[in-house]
Amino acid sequence: MIYSQKYTLVAFLEPVEVGFEFDMSNWPIHITLADVFAINLTESFEKSLADLSSEQSSLILNVGEDAVLGTSSVNIVHKSNELQHFHNTIVDLLELYGAT
């Protein structure tokens, strides 16, 4: 299947309203959980992702050095075993639903 839309999964560190819009130059503070992928969005996938996310307990993050991503300054978050496990679980779910 050919996908034309690409997605990235992030966790915002400050609340945003549903439908909040922003552009690439003005991202809210966030942590990228799964980088760019393509998938056929279905209600089943969305429910599975919502269930997975709601089951995840809070994580303590260690913020490290500054870096540059494109033209933006970013802070690197050190991978903990818990954060890596959550990422791997998300990737497993994406693969289960045919993401590329």
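Visitor: What should I know before reading the model?

Guide: It is a predicted model, so local features need pLDDT of at least 70, side-chain atom pairs count only at pLDDT 80 or more, and totals for chains, interfaces and linings use all residues. Residues are numbered from 1 along each chain as its sequence is written, and side-chain values use heavy atoms, with hydrogens and water left out.

Visitor: Where is Ser 80 placed?

Guide: Helices (H or I, at least four residues) and strands (E, at least two) are DSSP runs, numbered from the N terminus. Ser 80 sits in the loop between strand S4 (72–78) and helix H2 (81–96).

Visitor: Is Ser 80 buried or exposed?

Guide: Buried means under 20% relative accessible area, exposed over 50%, partly exposed in between (1.4 Å probe, protein chains only). Ser 80 has 18%, so it is buried. Its side chain reaches the backbone nitrogen of Leu 83 at 3.0 Å.

Visitor: How many residues does H2 have, and what span does it reach?

Guide: The expected span of a helix is 1.5 Å times one less than its number of residues. H2 has 16 residues and reaches 22 Å from first C-alpha to last, close to the 22 Å expected.

Visitor: Which residues of H2 are buried?

Guide: Leu 83, Phe 86, Ile 90, Leu 93 and Leu 94. They cover an arc of only 100° around the axis (taken from the directions from the helix axis to the C-beta atoms), so they lie on the same side of H2. On the other side, Asn 81, His 85, Glu 95 and Leu 96 are exposed.

Visitor: What do the buried residues of H2 pack against?

Guide: Contact means heavy atoms within 4.5 Å. The partners are strand S1 (7–12), strand S2 (30–37), helix H1 (43–55) and S4.

Visitor: How many aromatic pairs does the whole structure hold?

Guide: Rings of Phe, Tyr and Trp (its six-membered ring) pair if their centres lie within 6.5 Å; planes under 30 degrees apart count as stacked, over 60 as edge-to-face and the rest as tilted. The search finds five pairs. Tyr 7 and Phe 37 form a tilted one, 6.1 Å centre to centre with 35° between the planes. Tyr 7 is in S1 and Phe 37 in S2, so the pair ties together parts 30 residues apart in sequence. At 6% relative accessibility, Phe 37 counts as buried.

Visitor: Why is the pair of Phe 45 and Tyr 97 edge-to-face?

Guide: Because their planes stand at 65°, with the ring centres 5.3 Å apart. Phe 45 is in H1 and Tyr 97 in the segment after H2, 52 residues apart.

How values were computed: Polar contact = N/O pair within 3.5 Å; in protein donor to acceptor, adjacent residues only side chain to side chain.
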